[in-house]
Amino acid sequence: MKLFDSHAHYWDQRFDDETENGVDDLLTNLFRETVGGIVNVGTNLETTMLSVRQAQTYPFMYAAGGIHPGDISDMDSLDALEKIWTPLFQNPLNKLVALGEIGLDYHYTPFDKARQMAFFEAQMALAEKLSLPVIIHDREAHGDCFDMVRKFPNVRGVFHSYSGSAEMAKALVSRGYYISFSGTVSFKNARNVKEAASAVPKEFILIETDAPYLAPHPYRGRLNHSGYLLHTAEAIAQIWQTSLDEVAEITEKNAKAFFNL
Ligand code: NI
């Protein structure tokens, strides 16, 4: 049985700093053991290029790139957005399978809502132009993220590490969106997330680590990696009342369909 991790950040320095033999040793072992695929996600131009480089090293690793709402301090990059990113996405050697992560984050105050919106909207427009799926980061910004989705009916995407309501998840799926669950679905107090996971049709569900963040129960607070995805898959198996094998099979099939692999 192998699991597909639809969202992780292996360029993060923590993987070299906090593992015994470094990130390459970790990834080699993960692919040998329980991991069938990883989408390595960038959050700005620099980390996207690091994601690409790692994806080029491992046959079953792919890359995604975009400007995260937490990485939008450089306003100039908005003007040059299309010019810089288009050739990156158009080069198949880069293995870039989605535009993201992009979106809105209202967690840390103060935040610049207008600027976040401007970057989000410009990148949705670019995704539409390049016919790319998007990976959406929605932290405490459910209403505004949903409005943006409605503004671009031709764009399809995934809401990563889903934290919205079951209702919104159903409304997103009716628009062709996928819902990705991270380790938070394994937390005991995560009633809303569990409800969303049971409300959405199985064909629209992905699983992810968001490593190095969001380690699942019982590793909460530790350095996360794709080996721990097993615990997230187990939580989904419990919600679906099915086997781990079936969760692995369905979510891998969904990831391949979503990312066009
Ligand atoms: Ni992430």
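Me: Hi! Are His7 and Asp210 buried or exposed in this model?
Reply: Both are buried: His7 is, and so is Asp210. Keep in mind that the model is a predicted one.

Me: Thanks. Which residues coordinate the nickel ion?
Reply: His7 and His9 each give NE2, Glu101 gives OE and Asp210 gives OD, with distances of 2.2 to 2.3 Å.

Me: Nice. And how are those donor residues spaced in sequence?
Reply: The pattern is H-x1-H-x91-E-x108-D. His7 and Asp210 link distant parts of the chain, 203 residues apart. His7 sits in strand 1 (residues 3-8), while Asp210 is in the loop between strand 8 (205-207) and helix 10 (229-240).

Me: What about the angles among the four donor atoms?
Reply: They run from 82 to 171°, and the site is irregular. Why not tetrahedral? Because that would need all angles to lie between 85 and 135 degrees.

Me: Changing topic: what volume does the largest pocket have?
Reply: About 660 Å³. It is lined by 25 residues, and the closest to its centre are His137, Arg139, Ser161, Asp210 and Leu214.

Me: Last one: how does the lining of the largest pocket split by class?
Reply: There are eight nonpolar, ten polar and seven charged residues in the lining.

Technical notes
Residues are numbered from 1 along each chain as its sequence is written. This is a predicted model: local features need pLDDT of at least 70, side-chain atom pairs count only at pLDDT 80 or more; totals for chains, interfaces and linings use all residues. Side-chain values use heavy atoms; hydrogens and water are left out. Donors are N, O and S atoms within 2.8 Å of the metal (3.2 Å for Na, K and Ca); water is not among the atoms, so sites may look incomplete. Four donors count as tetrahedral if all angles lie between 85 and 135 degrees; four count as square planar and six as octahedral if opposite donors are over 155 degrees apart and all others between 65 and 115; anything else is irregular. Helices (H or I, at least four residues) and strands (E, at least two) are DSSP runs, numbered from the N terminus. Buried means under 20% relative accessible area, exposed over 50%, partly exposed in between (1.4 Å probe, protein chains only). On a 1 Å grid over the protein atoms alone, a cavity is a set of points where a 1.4 Å probe fits but cannot get out, and a pocket is an open set with protein on both sides within 12 Å along at least five of seven lines; lining residues have an atom within 4 Å of a point. Grid points are joined across faces, edges and corners, and a volume is the space filled by probe spheres set on the points. Ala, Val, Leu, Ile, Met, Phe, Trp, Tyr, Cys and Pro count as nonpolar, Asp, Glu, Lys and Arg as charged, and the others, Gly among them, as polar.
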